Protein chains: 2
Amino acid sequence: MTDAGALVDGVLGADRGAIARLLTLVEQGGPEAVAAVARLYPESGKAHVVGMTGAPGAGKSTLTNRLIGRIRATGDRVGVLAIDPSSPFTGGAILGDRVRMQDHAVDPGVFIRSMATRGHLGGLALAAPQALRVLDAAGIPWLILETVGVGQVEVEVAATADTVVVVLNPGWGDGVQANKAGILEIADVFVVNKADRDGLRQTVADLEGMLALAGAGRDGSWRPPIVETVASRGEGTDELWSAILGHRDWLATDDHAHDRRTARIAAELRAIVVARLVAGSGVAYDGPEFDALVDRIEARTLDPYAAADELLA
Amino acid sequence: MTDAGALVDGVLGADRGAIARLLTLVEQGGPEAVAAVARLYPESGKAHVVGMTGAPGAGKSTLTNRLIGRIRATGDRVGVLAIDPSSPFTGGAILGDRVRMQDHAVDPGVFIRSMATRGHLGGLALAAPQALRVLDAAGIPWLILETVGVGQVEVEVAATADTVVVVLNPGWGDGVQANKAGILEIADVFVVNKADRDGLRQTVADLEGMLALAGAGRDGSWRPPIVETVASRGEGTDELWSAILGHRDWLATDDHAHDRRTARIAAELRAIVVARLVAGSGVAYDGPEFDALVDRIEARTLDPYAAADELLA
């Protein structure tokens with residue numbers, strides 16, 4: 001039996017060491033990880049993935065901690081994958097700011113892992129679904145995909161979850177960056193955390209108005225519930241859990257889950273193809289050479305198609 | 001002098017026939033169009049592009065017609081490019097539903113063109129900026145980029161405009177599709193058209209709330225104005241024009257326009273590279289073979305990386 005084979009068997013047996021080692025391989029990218037996850041793939045697809053996103057400081061980690069506790073109270077295992085494109089950490093380290101989840105660090109029913117990108121072809125957008133498959137194949141029924149910030153990659157990754165929870169605060173008005181990243185659009189559940197602060201009613205009313213504008217809940221579409229929490233005191237955790245279960249039930253009706261999965265799979269398949277074509281071509285898809293061409297295009301000394309020719313030459 | 005050379009000279013001389021013929025070449029794709037637009041590229045970059053998007057029936061064409069009249073009153077020429085991915089029409093046809101713009105059909109200072117995609121590498125997302133460059137190089141200072149629907153491609157195209165106008169109606173609550181496409185996120189100016197209908201105050205309040213939530217206008221960011229119009233009677237046209245000019249002025253301050261242009265150029269350059277790599281590889285990036293692989297991935301009889309191998313084989 002190869003080492004990869006032992007790893008795969010270990011993951012299928014829910015061995016924590018095997019899960020951690022395979023996640024490190026996935027993070028690093030490379031053919032061993034692809035081969036191992038391919039063998040796990042038929043055993044995945046059973047977990048429900050909850051994306052947890054929002055601006056830094058909104059209280060995502062505290063809320064995740066509460067949610068872990070709520071899920072554990074049902075007896076189910078839970079996995080947490082924290083996506084941090086900027087993290088200098090690697091290889092299974094639990095980040096310092098994960099300390100709020102340390103309540104559960106010694107619970108064998110909880111698996112917490114931070115993930116940066118370490119040379120994975122296509123970056124976190126491709127690494128995250130592979131990492132989730134590992135946890136999924138290990139039989140963990142609830143996976144929380146938490147983003148650290150609201151950068152474009154993090155929002156793209158969060159949007160692939162089955163249920164996307166967007167965490168705001170009362171009077172939340174520093175969301176320029178978040179708005180640009182499209183965070184309000186992807187919510188299946190809104191949480192207004194720190195609900196004991198001033199401005200709660202107005203923030204909830206603003207969200208209600210936005211949902212009305214967007215026609216949420218009409219024609220059989222999902223209307224994202226707005227849950228008020230004070231995660232630091234554990235208030236609202238049951239309501240958040242109910243909202244997540246409600247969305248999971250809605251997905252199971254009609255073809256909602258199927259449509260969402262199909263779109264997600266198509267996007268991932270295209271991203272893999274593009275990553276392989278780009279890697280195979282050796283083209284500079286970003287970096288100084290790419291940026292220099294963008295500058296020349298902007299200065300109109302080079303047109304975009306000639307620039308593409310230079311990149312592809 | 002080649003025929004392409006004559007076309008280029010004709011466009012630079014603002015000859016309507018030459019503009020129309022080159023736009024047809026751009027729509028069809030192919031190396032002649034790329035070569036011709038490359039020669040025009042140094043002369044482009046002067047026009048201001050106004051994107052006009054919103055759900056079908058919101059009144060975009062009527063509003064565009066009013067805006068054409070307002071711009072013409074300044075003496076400036078104006079070009080309109082109507083993006084319609086689903087149109088069966090081709091080659092310079094003015095669509096039937098363009099009839100609302102026929103007020104200006106005989107005005108030599110107005111150039112109106114509908115555009116579908118006819119085999120252009122990368123589709124409308126790549127064809128539209130090329131078409132705008134043709135009109136831009138012809139010295140037309142105002143270009144209106146109107147989308148017919150709110151599909152993903154149309155919203156992506158509209159988002160590349162210098163000033164994006166999103167057209168809503170009072171009580172607008174059928175926007176599920178629009179919301180999914182991210183239309184609310186990309187607005188630089190909101191228009192509530194048919195402002196004489198019930199529900200105006202609520203719709204404006206909902207928009208105000210959403211902008212407050214998103215922190216619009218904070219930290220030097222742009223706060224999209226909300227303009228009320230009754231385009232069928234010409235009401236609010238001046239206010240819309242002022243809002244567009246205000247946004248153009250804001251873009252000119254600090255590095256806002258530069259940042260936006262840089263991001264747009266980088267995205268276009270990557271899209272050209274991907275389109276060429278995909279075309280060069282012969283990979284099925286959509287269609288029945290692609291869809292069949294997605295089905296197998298969803299059925300978990302094939303993993304996404306093995307599917308990519310099949311596509312790339």
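This is a predicted model: local features need pLDDT of at least 70, side-chain atom pairs count only at pLDDT 80 or more; totals for chains, interfaces and linings use all residues.
How many helices and strands are there in chain A? Chain A has 12 helices and seven strands, where helices (H or I, at least four residues) and strands (E, at least two) are DSSP runs, numbered from the N terminus.

Residues are numbered from 1 along each chain as its sequence is written, and chains are lettered from A, and ligands numbered from 1, in the order in which they are written.

Let's start with the fold of chain A. Of its 313 residues, 50% are buried; buried here means 20 or more other C-beta atoms within 10 Å of the residue's own, against 12 or fewer for exposed and partly exposed in between, with C-beta atoms placed from the backbone. Among contacts in chain A with a separation of 6 or more, 74% link residues 24 or more positions apart. A contact means that two C-beta atoms, placed from the backbone, lie within 7 Å.

Now look at strand E1 (residues 48–54) of chain A, where six of the seven residues are buried. E1(A) pairs in the parallel sense with strand E4 (residues 142–147) over five bridges, and A:Met52 stands opposite A:Glu146 there. E1(A) also runs parallel to strand E5 (residues 163–168), again joined by five bridges, with A:Thr53 opposite A:Val166. For pairing, DSSP has to find at least two bridges between the strands.

Next, how do the two chains relate? A rotation of 180° with 0.0 Å of shift along its axis superposes chain A on chain B, with an RMSD of 0.0 Å. That is the relation of a two-fold axis. The superposition is by least squares on the C-alpha atoms of residues with pLDDT of at least 70 in both copies. In chain A, the C-alpha nearest the axis belongs to A:Met210, at 2.8 Å.

What about the interface? Here 56 residues of chain A are in contact with 56 residues of chain B. H10(A) gives the largest share of chain A's side, 14 residues. By class, that side has 33 nonpolar, 11 polar and 12 charged residues. In this count Ala, Val, Leu, Ile, Met, Phe, Trp, Tyr, Cys and Pro are nonpolar, Asp, Glu, Lys and Arg are charged, and the others, Gly among them, are polar.

In H3(A), A:Ala33, A:Val34, A:Ala36, A:Val37 and A:Leu40 are buried. They cover an arc of only 170° around the axis, which puts them on the same side of H3(A); the arc is that of the directions from the helix axis to the C-beta atoms. The buried residues of H3(A) pack against H1, H2 and H5 of chain A together with H12 of chain B.

Over in chain B, the buried residues of helix H11 (residues 288–298) are B:Leu293, B:Val294 and B:Ile297. Their arc is only 105°, which puts them on the same side of H11(B). The buried residues of H11(B) pack against H10 of chain A together with H12 of chain B. Just after H11(B), B:Arg300 takes a positive phi of about 65°.

Last stop: within chain B, and leaving aside neighbours within four places in sequence, B:Val134 is in contact with residues including B:Val11, B:Leu22 and B:Val37.
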